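User: Hi, can you walk me through this one? I'd like to go piece by piece.
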Amino acid sequence: MTTTTEYQVTGMSCGHCETAIRTEISEIPGVTDIDVSAATGRLAVTTDKPVDETAVLAAVDEAGYAAVRS
Ligand SMILES: [Cu+2]
C-alpha cells in the first residue's frame, strides 16, 4: 500500500530547485515517487511505508528550502 503526503514548499524558483528537493527526498527510505513543482510550490511524496513527516521536512531543509504539510 502506498501513501501520498503533500507539502507546500517556499523558495523554489526553477527546475534546479525541483531537482535539489527531488534529490534529497529520494534518499529517504520507502519513497517511491516524488512530484514537485516550482511553479506551484507543491510537493507530493509517495511512500510504500509510513514515513516520518519530519524526515521529509528535514530533507527539504537540507536542500535549502522550507516546507509545511499541506
Ligand atoms: Cu531554482
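User: Where is A38 found?
Analyst: This is a predicted model, so keep that in mind. A38 sits in the loop between β2 and β3.

User: Buried or exposed, that A38?
Analyst: A38 counts as buried. Its relative accessibility is 16%, and the cut-off for buried is under 20%.

User: Which residues is A38 in contact with, leaving aside neighbours within four places in sequence?
Analyst: A38 is in contact with M12, S13, C14 and E18.

User: And how many residues apart are A38 and T19?
Analyst: They are 19 residues apart in sequence. In space, their C-alpha atoms are 9.8 Å apart.

User: C14 came up there. Now the metal: which protein donors does the copper ion have?
Analyst: The donors are C14 and C17, each through its SG atom. They lie 2.1 Å from the copper ion.

User: Which residues of helix α1 are buried?
Analyst: Helix α1 covers residues 15–25, and its buried residues are C17, I21 and I25. Seen down the axis of α1, they fall within an arc of 65 degrees, so they line one face of the helix.

User: What covers those buried residues of α1?
Analyst: The cover includes three strands: β1 (3–10), β2 (31–36) and β3 (42–47). It also includes helix α2 (53–63).

User: At what angle do α1 and α2 pack?
Analyst: The angle is about 135 degrees, and the axes are 8 Å apart. The two helices are therefore oblique to each other. Angles have to be over 145 degrees to count as roughly antiparallel.

User: Which hand is the crossing, left or right?
Analyst: α1 passes α2 in a right-handed crossing. On the α1 side, the contact is made by A20, I21, E24 and I25. On the α2 side, V56, A59, V60, E62 and A63 make it.

User: New topic. Which strand does R69 lie in?
Analyst: R69 lies in β4, which spans residues 66–69. R69 is partly exposed, with a relative accessible area of 43%.

User: What is R69 in contact with, apart from its neighbours within four places in sequence?
Analyst: R69 is in contact with T5, E6, Y7 and E53.

User: Last one: what separates the C-alpha atoms of R69 and M12?
Analyst: The separation is 16 Å. Along the chain, R69 and M12 are 57 residues apart.

How values were computed
Residues numbered from 1 in each chain as written. Predicted model: local features only at pLDDT ≥ 70, side-chain atom pairs only at ≥ 80, totals over all residues. Heavy atoms only, no water. Donors = N, O, S within 2.8 Å, 3.2 Å for Na, K, Ca; no water. Buried < 20%, exposed > 50% of the residue type's maximum accessible area, 1.4 Å probe, protein only. Helix = DSSP H or I, 4+ residues; strand = E, 2+ residues; numbered from the N terminus. Arc of directions from axis to C-beta. Contact = heavy atoms within 4.5 Å. Axes fitted to C-alpha atoms, helices over the stretch in contact; angles between N-to-C directions. Parallel < 35°, antiparallel > 145°, perpendicular 65-115°, else oblique. Left-handed = near helix turned anticlockwise from the far one by under 90°.
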